[in-house]
Amino acid sequence: MIGKKSLSELIAELRKNENIINWHEIEPQEAKTRPMPASVDYRIKSSLEKRGIAELYSHQYTAYETLQKGENIVAVTPTASGKTLCYNLPVLQSITENDANRALYIFPTKALAQDQKSELNEIINEMGIDIKSYTYDGDTSPTIRQVVRKAGHIVITNPDMLHSAILPHHTKWVSLFENLKYVVIDELHTYRGVFGSHVANVIRRLKRICKFYGSSPIFICTSATIANPKELAEQLTGNPMRLIDDNGAPRGRKHFVFYNPPIVNKPLNIRKSATVEVNNLAKEFLKNKIQTIVFARSRVRVEIILSHIQELVKDKIGTKSIRGYRGGYLPKQRREIERGLREGEILGVVSTNALELGVDIGQLQVCVMTGYPGSVASTWQQAGRAGRRHGEALILMVASSTPIDQYIVQNPEYFFDRSPESARINPENLIILVDHLKCAAYELPFKESEEFGPLDVKDILEFLVEEKVIHQNGETFYWANQSFPAGNISLRSASQENVVIIDQSNTGDHKIIGEMDRFSAMTLLHDEAIYLHEGVQYQVEKLDWDHKKAYVREVDVEYYTDANLAVQLKVLEIDRTEARQKTSINYGDVSINILPSIFKKIKLTTFENIGSGPIYLPEEELHTSAAWLELKEIDPDLGEKTLEQLLLGISNVLQHVVPVHVMCDRNDIHVVSQIKANHTGLPTIFLYDHYPGGIGLAEDVYKRFDQVKAAAKNLIRKCPCHDGCPSCIGTEIEGINAKQRSIQLLDLF
Amino acid sequence: MSLKSKLGRLKGHMTLNTEAPSEPVNSNPVREKEEGGASIPFEQVWAEHSTGTYKMDGQFCLIREVHYPVDYQHGIYTLKEARKAVEEWNAVSYTHPLSSKGLRVEDMFFFDTETTGLGGGVGNTIFLLGYAFFHEKTVTVRQHILPQPGFEIPLYQSFLEKVNYHTLVTYNGKAFDWPQLKTRHTLIRDHVPRLPDYGHFDLYHASRRLWKDDMDKVKLVNVEKNILGIERKDDVPGFLAPYIFFDFVERKDPEGLLGIIRHNELDVLTLITLYAHLSKQLLQKETTGKSLEVARWYMGLGEKEKAVRTYERVLAGNNAEERMAAAHALAFQWKREKQFGKAVNAWLEVSKKGKAEQRIEALIELSKIYEHQEKEYSKARECADSALGILSGLGNSKKRETMELDLLHRLKRLDKKLKTGGWN
């Protein structure tokens, strides 16, 4: 056998590939360091020295010095830049100064918390000081819990645990809350949308309790690169923040390559499938034993790519060393995969954005993205998975046919010059706010004069009194209900209950193989759906909607399924309107009825539609915020049918463009067009938040509509297709000159 | 849009948990006359039910006090049996977690709470603190009642002023009532005296130990019915307490709440009867068929002498099954004391008449003694072989698998010893 090729050789080969449309190199950077501050305890110093850390990177130094002044900080740090020292150093220092001091670390997931504990305990052991750090999560045994509460210097947990187990039982944590010196919020950028809005309220509750016990902790946040780290940190913690972004960590050379699959159907501008290209590219690296991570946009896509790659390389390296990773896998499986990657037993992993987070899987050499991840910030996060401090790394983004992918790869300056997106939260979402006010009143009686965020909450308190959830006695509101409010509130999703997936392939040995939130289950776990899990195909035999259980059985079929939703939309209230010449832009409240209608069976190899079936599930109703564009005067020459198609085309473009501009997942904001809107009879395009009460996305669209419009026009104009393709306005257009007319129509708004 | 109308619209998305209780609450029309802020609603009705008020800084709580003669019969005993039990504990030399040696019955208070919810979260409010305590001729039941959320300072202030005892007696109070009281106390700790450290007898664990095989759930009502001969009439079930309390807070009419107060009163009286009864079991003053459990408990506590005496008592009884269990347990004790002869005789009997598991264990023990003490390898082998035979007739379990492996190993070793006569 001829010897393996090195990464440099593969990079040299790749340079000749004609499908590469942009090659961007990121120059290596030397380390920028500062001497260890004199105030640092000698035991910490020597323990760090043993780990090869004699000096601090510039950002670590600034973080330390700023915290010594008592300011809150948010440190923006790329992957592998030593961000943990930004908080571990000041926290350990404060405990060496006073053994009573306490710190609370909050990580978005249990896995990250576990990672941290191991790393922290290594340093502590070398320091030779009795500092106790513990994780506190669902897996912590009752006996350890007692010890953690009373004697843990550093308690490492996640927001869910803080919300449902620590805050509602704060009287068992008196020594923590009386002495809380630092609160660390790692992976700040993950706290956006619904989740972030919830967590901001959990932090309000935390601060209330600290105040009760007489402490006032300093917040240390760390974040990946986003446009508004300071704003987000301030919104999330309610404290003024100092931004620290003078990254001084060294890095090796990185090649950031855009790959556009060849066109296979010229008139329709259809390109070769990104999935197929990714399979072949990943194969090359894996065959040569180069550790590679492949990112895919959806859970289904992960499973499809995984099974293909496993098939392609099974003779060379065996399928066990290529694994999938996504939500829905059980924690134990995930831990095993993470460890395998760190230790090098696992050569390749195909993942959803679940691995964007700082889960420690070591640094890989190659990152392949199947399509644009949807946001600049997310792309840099995924790209950060490849790259070591020294040596080369390759990041390969393979574009799909979607408009935004095509736009990005053809306008590389858009990506490389653009600042990343903002992370938005709306802690004042009424449903979320009401939920947490209930929890707050449960935890400590609520004074009329008390603040809970910027909104005047008196009306809400009175509402809760009317609903007999709280009781007013003088100027104080007391919890007056038999329930445990935190138990019914999930921070992670709109729907409270998840659907449990039960494999009944073996009679008598039914196994739970995963779970899924309610809204996703409507489209992925309906009767007859093909559900993929770890590369294995299952068919859903029955979705028991009342009991939130999906019964599946292993199958071997040549297709996957894709569900359609029927959506009805009613405007409830118009909050703001901006009239333009022939149009108006509006913002307000809407009610939406969602009903899954049919599913299609799509052949795995050719992606052709080979059948369909109905979905019988109850309708879900959603009250939320929306922005909508109304056409008040219609060109009489434009037939209704044509107009309808143009609106559909523009919706298609907006659905692609908007998530990029307001930084959210594609699923967080939905676009619907109506030729005759119910409330006015006018042609209208709606964009709504896919969460009860709204989380501020539609509002953002309303505020920045001109920017969104410009991006949409630009996308249509730059698309190389003849007159409409799936990458821009879609293919449903019959009339000629649809692209030109779409742009004209957009210009009216 | 106004905040209020938005709240109304989004109500369907919220979980407000205000659904009605599954069983109807007896509710009467509002009868309250509008009274001035200073006076206490229904003060007259409260007074008729032996309840007065405790006022403090513009707040108040209610305190109810009733007295029972010590000759009052509650279930199978009169209240004064508890005094006798304490005296008897003082007369013995061994110890036990429920022993009141060194105490007088006047040092104890029999304590129970009623709360607005389930579980141990901070927001679960205690609205009734009830306890019974002894005087020479009488027993007093005193209950401190929260008239509405927010008046906890007088509730705990009055409680801490009046409770001056050494040891509390509860039913599951270690896991629930006392931690919950500590939690609520923490919230107002700057305004009331600190909580003293009390001794604590939790009768729930003792009851579970003795009667868990006799009832579905070892709840206090079940113990009352099945063991203590107490049948409650028109009792308001405890799970309705939150609904009744919130209804009372709204309407102020004591009527519904009086039912809960009565329920709590019976609970604390039962604690007296239960303490007397458990003590009699543990002191073995009466044989009511629980000697075996009692003996095991003493053995577990390391009170060997008391344990052995209690086992011997079982052995002298006429329940065949229990006698085997006692013989088996005693044999282990004799083995530890190197009284091998006695142990062998006991195990020989158990190996014939015991339950399957006991027979196997007895045979294994016999095999060990024959092998190591008496060097009778063929006898030892015979016993091990019989044990294996019984074992193979039983179903599978992890414990049995280990036993089987152990026996096979034992047999192999014995075969070797039989060949070499033990010399290798």
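A: Two strands pair if DSSP finds at least two bridges between them; the strands themselves (E, at least two residues) and the helices (H or I, at least four) are DSSP runs, numbered from the N terminus. The model is predicted: local features need pLDDT of at least 70, side-chain atom pairs count only at pLDDT 80 or more, and totals for chains, interfaces and linings use all residues. Residues are numbered from 1 along each chain as its sequence is written, while chains are lettered from A and ligands numbered from 1 in the order in which they are written.

Q: What is the strand order of the open sheet of 7 strands in chain A?

A: Strands of a sheet pair through backbone hydrogen bonds, either parallel or antiparallel. Here the pairing is parallel and the order is E6-E7-E5-E8-E9-E4-E10. Strand E6 (133-135) and strand E10 (242-244) of chain A form the edges, each pairing on one side only. On average, neighbouring strands are turned by 15° against each other, direction ignored.

Q: Over how many bridges do strands E8 and E9 of chain A pair?

A: Strand E8 (residues 180-185) and strand E9 (residues 218-223) of chain A pair over 4 bridges, in the parallel sense. A:Val184 has A:Ile220 in E9(A) as its bridge partner.

Q: Which strands does helix H4 of chain A lie across?

A: Angles run from 0 to 180 degrees between N-to-C directions, and axes are lines fitted to C-alpha atoms, for helices over the stretch in contact. Helix H4 (residues 84-97) of chain A lies across strand E4 (73-76), strand E5 (102-106), strand E7 (154-157), E8 and E9 of chain A, and runs at about 170° to E8(A).

Q: Which residues make the contact of H7(A) with H9(A)?

A: Two residues are in contact if their C-beta atoms, placed from the backbone, lie within 7 Å. H7(A) contributes A:Pro159, A:Leu162 and A:His163, and H9(A) contributes A:Val199, A:Val202 and A:Leu206. By class, there are 5 nonpolar, 1 polar and no charged residues; Ala, Val, Leu, Ile, Met, Phe, Trp, Tyr, Cys and Pro count as nonpolar, Asp, Glu, Lys and Arg as charged, and the others, Gly among them, as polar.

Q: At what angle do helices H14 and H15 of chain B cross?

A: Helix H14 (residues 356-373) and helix H15 (residues 377-392) of chain B cross at roughly 160°, with axes that come within 8 Å. H14(B) is thus roughly antiparallel to H15(B). The crossing is left-handed. Among the contacting residues are B:Ile360 and B:Leu363 of H14(B) and B:Ala380 and B:Cys383 of H15(B). The contact has 13 nonpolar, 2 polar and 3 charged residues.

Q: How many residues of chain B are in contact with chain A?

A: In this contact, 30 residues of chain B meet 37 residues of chain A. Helix H1 (3-10), helix H5 (173-187) and helix H8 (241-251) of chain B each give two or more residues to that side of chain B, and H1(B) gives the most, with 6 residues. The side of chain B that touches chain A has 12 nonpolar, 14 polar and 4 charged residues.

Notes: Parallel < 35°, antiparallel > 145°, perpendicular 65-115°, else oblique. Left-handed = near helix turned anticlockwise from the far one by under 90°.
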